[in-house]
Amino acid sequence: MFNMREAKSFTISSDVLSEIANTRGKGSTSERVNELLKKALELERRERLEREAAEFFASDVDDATERAAYQKAAKTVLSRG
């Protein structure tokens with residue numbers, strides 16, 4: 001996998017930089033920042049999906065109506081076989 005790197009300038013607070021330096025291990029600070037950002041983006045994506053799922057399942061749609069529609073569609077599909 002080819003990773004294109006682009007130099008950007010960001011301002012990071014000194015306490016965050018200190019924490020990054022303390023947890024970076026043998027890699028560079030830039031590698032650690034990229035690792036943390038990727039984890040944060042993945043966490044954000046999962047949280048967004050969880051919110052969407054919660055909104056979907058919290059809808060006021062009648063479950064019996066949805067269940068009946070699903071059963072009807074399933075019977076139609078099975079009868080084609």
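## A helix and a nonpolar patch

L17 is found in helix α1, which spans residues 14-23, where helices are DSSP runs of H or I with at least four residues, numbered from the N terminus. The model is a predicted one, in which local features need pLDDT of at least 70 and side-chain atom pairs count only at pLDDT 80 or more, while totals for chains, interfaces and linings use all residues. Residues are numbered from 1 along each chain as its sequence is written, and side-chain values use heavy atoms, with hydrogens and water left out.

With a relative accessibility of 37%, L17 counts as partly exposed (buried means under 20% relative accessible area, exposed over 50%, and partly exposed in between, with a 1.4 Å probe and protein chains only). Together with F10, I12 and V16, L17 forms a nonpolar patch on the surface, and these residues share about 360 Å² of accessible area. Such a patch is made of residues with over 30% relative accessible area and no salt bridge, nonpolar side chains (Val, Leu, Ile, Met, Phe, Trp, Tyr) being joined within 5 Å.

## Salt bridges

The structure holds 5 salt bridges, each being a side-chain nitrogen of Lys or Arg within 4 Å of a carboxyl oxygen of Asp or Glu. One of them links K8 with E6, whose closest N and O atoms are 3.3 Å apart; K8 is exposed at 57% relative accessibility, and E6 is exposed as well, at 61%.

In helix α2 (residues 29-57), E35 and K39 are 4 residues apart, and therefore separated by about one helical turn. These two residues form a salt bridge with closest N and O atoms 3.4 Å apart, and E35 counts as partly exposed at 35% relative accessibility. R46 and E42 also lie in helix α2, again 4 residues apart, and their side chains meet in a salt bridge of 3.0 Å from N to O. E42 is partly exposed, at 29%. Salt bridges with shared partners join R32, E35 and K39 into one network.

## The largest pocket

The largest pocket holds about 550 Å³ of space. Its lining consists of 15 residues, of which R5, E6, S30, V33 and N34 lie nearest the centre; by class, the lining has 6 nonpolar, 4 polar and 5 charged residues.

On a 1 Å grid over the protein atoms alone, a pocket is an open set of points where a 1.4 Å probe fits, with protein on both sides within 12 Å along at least five of seven lines, and lining residues have an atom within 4 Å of a point.

Key: Points joined across faces, edges and corners; volume = space filled by probe spheres on them. Nonpolar A, V, L, I, M, F, W, Y, C, P; charged D, E, K, R; others polar. Helix = DSSP H or I, 4+ residues; strand = E, 2+ residues; numbered from the N terminus. Patch = residues over 30% accessible without salt bridge, like charges linked within 9 Å, V, L, I, M, F, W, Y side chains within 5 Å. Areas by Shrake-Rupley, 256 points an atom, 1.4 Å probe, with all protein chains shown as cover.
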